[in-house]
Amino acid sequence: MAKLITLRDVYKIYGEGLESEVRALDGVSLDIERGEFVAVVGQSGSGKSTMMNVLGCLDIPTRGEYFLDGTDVQELTDKELSRIRNKQIGFIFQQYNLIQSLTVLENVELPLIYQGINADDRYDMAMAALERVGLAGRVKHKPAEMSGGQQQRVAIARAIATKPPIIMADEPTGALDSRTGQEVLKFLQQLNREGSTVILITHDNGIAATARRVVRLQDGKIVEDHGQEVDWL
Ligand SMILES: Nc1ncnc2c1ncn2[C@@H]1O[C@H](COP(=O)(O)OP(=O)(O)OP(=O)(O)O)[C@@H](O)[C@H]1O
Ligand SMILES: [Mg+2]
């Protein structure tokens with residue numbers, strides 16, 4: 001079986017050839033197997049979000065190959081890419097990215113509407129996800145009426161409602177206090193134990209240390225890749 005994710009010599013270059021050229025990804029090769037929990041760590045500007053955007057099919061590399069589940073991503077149409085984003089990947093971001101005018105339930109249901117899921121199933125899936133994150137009692141609230149940790153749990157419910165096989169989280173604990181952040185991390189680990197592949201982006205070495213495998217980026221290059229063989233959980 002093909003690896004879940006294979007990046008081969010991937011470059012993302014902004015302003016190529018100009019004096020201001022930035023190599024956000026500078027020849028990155030990486031394999032990720034199904035079921036892994038990988039932390040991508042590095043300083044601000046090292047290329048972490050760029051890597052997540054490429055892995056999440058939100059951005060296209062300047063050069064290089066990306067195979068997702070054996071499929072050459074470069075050959076997909078925009079429609080196919082958006083289908084992969086919707087079905088295969090649950091995204092979680094630092095700033096939650098909730099829509100303030102919608103209720104908690106509506107926020108979780110929104111991507112399900114885009115996927116054409118009917119109203120009954122949508123409700124059931126959204127409620128099941130909100131129950132998982134312990135927010136079934138708050139579904140009529142608006143994001144502004146919730147704490148940061150609760151808002152991130154809403155965002156997690158939104159990410160997992162369709163049970164995507166891959167979770168990609170870009171600094172999911174960045175706006176949270178350390179205890180709330182730990183809860184979010186534990187939840188990601190729980191999802192991983194249940195079979196999800198988790199890719200966690202963080203600038204925090206302590207948070208990265210909770211992952212079985214740590215990939216370190218520096219100036220767009222992978223400078224360390226630790227723990228592939230180690231299973232200490
Ligand atoms: N649209 C863009 N145009 C030009 N340069 C960009 C663009 N997006 C990102 N960059 C540059 O690419 C490099 C990597 O950015 P990226 O956002 O991936 O870093 P990061 O590791 O996620 O940083 P942070 O920890 O601050 O989120 C940075 O130098 C950034 O300025
Ligand atoms: Mg970033």
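Ligand 1 is surrounded by Tyr 14, Val 22, Ala 24, Gln 43, Ser 44, Gly 45, Ser 46, Gly 47, Lys 48, Ser 49 and Thr 50; a residue counts as near if one of its heavy atoms lies within 4 Å. This is a predicted model: local features need pLDDT of at least 70, side-chain atom pairs count only at pLDDT 80 or more, and totals for chains, interfaces and linings use all residues. Residues are numbered from 1 along each chain as its sequence is written, chains are lettered from A and ligands numbered from 1 in the order in which they are written, and side-chain values use heavy atoms, with hydrogens and water left out.

**Around ligand 1**

- A backbone N or O atom of Gly 45 lies 2.8 Å from an oxygen atom of ligand 1.
- The side chain of Lys 48 has an N or O atom 2.7 Å from a ligand oxygen.
- For the side chain of Thr 50, the corresponding distance is 2.6 Å.
- The protein covers 57% of the 630 Å² of accessible area that ligand 1 has on its own (Shrake-Rupley method, 1.4 Å probe).
- β2 (22-32) and α1 (48-55) each give two or more residues to the shell; helices are DSSP runs (H or I) of at least four residues and strands (E) of at least two, numbered from the N terminus.
- α1 gives the most, with 3 residues.
- The shell has 3 nonpolar, 7 polar and 1 charged residues. Ala, Val, Leu, Ile, Met, Phe, Trp, Tyr, Cys and Pro count as nonpolar, Asp, Glu, Lys and Arg as charged, and the others, Gly among them, as polar.

**Pockets**

- The largest pocket holds about 420 Å³ of space. A pocket is an open set of points on a 1 Å grid over the protein atoms alone, where a 1.4 Å probe fits, with protein on both sides within 12 Å along at least five of seven lines; lining residues have an atom within 4 Å of a point.
- Its lining has 20 residues, and Arg 85, Asn 86, Phe 91, Pro 111 and Arg 158 lie nearest the centre.
- α3 supplies the largest share of that lining, 5 residues.
- The second largest pocket has a volume of about 290 Å³.
- Helix α4 (residues 119-132) gives the largest share of the second pocket's lining, 4 residues.

**Strands**

- Strand β1 (residues 5-14) pairs with strand β4 (residues 63-68) in the antiparallel sense over 5 bridges; pairing takes at least two DSSP bridges.
- Arg 8 has Glu 65 in β4 as its bridge partner.
- β4 and β5 form a hairpin with 2 residues between them.
- Asp 69 in the turn has a positive phi of about 55 degrees.

Definitions and conventions
Points joined across faces, edges and corners; volume = space filled by probe spheres on them. Polar contact = N/O pair within 3.5 Å; in protein donor to acceptor, adjacent residues only side chain to side chain.
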